[in-house]
Amino acid sequence: MTHSERLAAFVALGQRLNTIAADELTALAGRARNQNAWFDAPSVTAAVTGIAHLLAEEPLRRWAARYPPEPTTVRQVGVVMAGNIPLVGFHDLLCVLLSGHVLLAKLSADDTVLMTWVMEELTQLEPRFGEFIRVLPRLNAADAFIATGSDNTARYFEFYFGKKPHLIRRNRTSVGVLTGLETSAELARLGPDIFQYYGLGCRNVSKLFVPTDYNFVPLLDALQTCEGVLNHHKYNNNYDYNKSILLVNRVPHYDTGFLLLTRAAGLVSPISVVHYAEYASEVDLADQLTDVAAQTQCVVSAEGRFAGSLPFGQAQSPGVSEYADRVDTMEFLAQLV
């Protein structure tokens with residue numbers, strides 16, 4: 001296949017996902033939830049919509065044009081896919097196949113239904129991709145590796161994959177910046193950044209930076225529209241557990257009835273909990289964000305006013321050029337020889 005043929009197949013996949021029938025999507029989400037209870041209909045719908053957004057033709061073509069159309073040598077690239085949110089491994093699939101390499105995929109046990117489905121959809125649109133996609137339990141035959149996991153599993157990956165070209169990702173999370181001047185409408189748009197996928201993704205906001213003596217009442221009021229997360233039994237169980245821990249340990253916190261806010265140094269918070277830290281000045285804020293930059297996937301603020309941040313509500317809608325861990329996957333693949 002030529003580069004233009006591969007690109008056309010992904011554009012067609014995006015169009016297919018944009019027009020998927022509601023009953024088909026409902027059935028797919030049901031199968032996914034049978035495998036992984038976190039993958040409910042809203043989460044699967046958001047993931048499918050997000051991939052369709054990634055595959056919008058003009059942005060996809062502009063992005064692809066930045067890289068060599070064909071590889072110097074076709075390599076077998078082993079990809080260890082995560083399964084924390086639905087279809088989270090798709091971007092790696094896109095990069096490997098569009099760059100002209102062979103994908104050796106080790107799927108997460110938590111996300112085989114959706115990933116297998118999207119691979120089948122792609123090969124139905126372009127059968128020749130069947131020669132470039134292999135789902136395997138082990139990746140011994142790979143010439144290079146892409147792996148995503150926790151900091152602990154990253155050390156394991158480094159040990160086993162270190163002798164070959166590799167791109168290994170670690171724990172990341174996202175943060176929000178508040179000034180106290182946000183409108184209620186702006187604060188409400190922060191809700192999806194916190195709650196979509198129930199806080200399980202690296203683009204979910206798990207920590208807020210607020211000015212000293214920040215008044216949390218407007219924020220807590222604005223987030224009330226998100227209380228439906230309690231309808232998910234696993235989220236509800238996490239909320240009850242984390243609330244009891246805070247109460248038993250007498251940790252000061254705010255409680256909306258479905259979200260717990262507590263002052264804490266840690267960047268990553270448990271499900272149903274968001275940490276916060278105070279800043280005394282813009283310089284202090286910049287220093288604190290610099291300290292956690294290596295563990296931060298993205299920063300959000302109202303209308304993206306803070307330099308380098310995304311607007312509230314946009315954390316879960318990355319463009320095709322927004323790479324996990326901010327490492328250019330396509331550049332890595334282009335350098336394989």
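Helix H4 (residues 57–64) packs against helix H5 (residues 90–98) at an angle of about 55°, and their axes sit 12 Å apart. Keep in mind as you look around that this is a predicted model.

**How H4 and H5 meet**

- On the H4 side, the residues making the contact are Leu60, Trp63 and Ala64, and on the H5 side they meet Leu94, Cys95 and Leu98.
- Sort the residues of this contact by type and you get six nonpolar, no polar and no charged.

**Aromatic rings**

- There are 15 aromatic pairs in the structure.
- One of them is Phe145 with Phe161: the ring centres are 4.0 Å apart and the planes are at 5°, so this pair is stacked.
- Phe145 belongs to strand S4 (residues 144–148) and Phe161 to helix H7 (residues 151–161), so the pair ties together parts that are 16 residues apart in sequence.
- Phe145 has a relative accessibility of 5%, so it counts as buried.
- Phe161 comes in at 12% relative accessibility, and that makes it buried too, as the cut-off is under 20%.
- Tyr214 and Phe216 make another pair, with ring centres 4.9 Å apart and planes at 90°, so this one is edge-to-face.
- Tyr214 is buried, with a relative accessible area of 10%, and Phe216 counts as buried at 3%.
- Ring pairs also link up into a cluster, made of Phe145, Tyr156, Phe157, Phe159, Tyr160 and Phe161.

- You'll find Leu103 in strand S2 (residues 102–106).
- Leu103 is buried, and its relative accessible area is 0%.
- Leaving aside residues up to four places away in sequence, Leu103 touches Val77, Val79, Met81, Leu93, Val96, Leu97, Met119, Phe132, Ile133 and Arg134.
- Take Leu93 from that list: Leu93 and Leu103 are ten residues apart in sequence, and their C-alpha atoms are 7.0 Å apart in space.

How values were computed:
Residues numbered from 1 in each chain as written. Predicted model: local features only at pLDDT ≥ 70, side-chain atom pairs only at ≥ 80, totals over all residues. Heavy atoms only, no water. Axes fitted to C-alpha atoms, helices over the stretch in contact; angles between N-to-C directions. Helix = DSSP H or I, 4+ residues; strand = E, 2+ residues; numbered from the N terminus. Contact = heavy atoms within 4.5 Å. Nonpolar A, V, L, I, M, F, W, Y, C, P; charged D, E, K, R; others polar. Phe/Tyr/Trp six-rings, centres within 6.5 Å; stacked < 30°, edge-to-face > 60°. Buried < 20%, exposed > 50% of the residue type's maximum accessible area, 1.4 Å probe, protein only.
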